[in-house]
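Open the model in your viewer and keep a selection tool at hand. The stops below are given in order.

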Amino acid sequence: MGAVQIEFAAPLWQWQARTDSWWFVTVPPEQSDELADLPLPPRGFGSIRVRVTVGETTWTTSVFPSDSDGGYVLPMKKKVREAEGLVPAKPVRVALETIDV
């Protein structure tokens, strides 16, 4: 199986346990299910390596399973939020591609 490519829009939200710096978007359920079905080697916290594009910004990171959201969450680092003018609760258009699969 090759890389999986998905696109979605989801609101930016802040993790309440650490409001100083942790911001995420949640991968929608259907796409989260697609990621969960990948035959991947075990990684820290069940993460999956991905290449992400938001607007003009592309970077490599990981998505992480979330018990509370029932799918995967994508961390949105400050540099990206600032470069793309992302604001809380507004939809973020994301193109995501798995790597190392």
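Select lysine 79 first: at 66% relative accessibility it counts as exposed, where exposed means over 50% relative accessible area, buried under 20% and partly exposed in between (1.4 Å probe, protein chains only). This is a predicted model, in which local features need pLDDT of at least 70, side-chain atom pairs count only at pLDDT 80 or more, and totals for chains, interfaces and linings use all residues. Residues are numbered from 1 along each chain as its sequence is written, and side-chain values use heavy atoms, with hydrogens and water left out.

Lysine 79 sits in helix α2, residues 78–84; helices (H or I, at least four residues) and strands (E, at least two) are DSSP runs numbered from the N terminus.

Next, select serine 62, in strand β5. Serine 62 counts as buried because its relative accessibility is 8%. Its contacts (heavy atoms within 4.5 Å) are Ser47, Ile48, Arg49, Val50, Val73, Leu74 and Pro75, leaving out residues up to four places away in sequence.

Finally, select the lining of the largest pocket: Trp13, Trp15, Trp22, Phe24, Phe45, Phe64, Pro65, Ser66, Ser68, Val73 and Pro75. A pocket is an open set of points on a 1 Å grid over the protein atoms alone, where a 1.4 Å probe fits, with protein on both sides within 12 Å along at least five of seven lines; lining residues have an atom within 4 Å of a point. Strand β5 (57–66) and strand β6 (71–75) each supply at least two lining residues, and β5 gives the most, with three.
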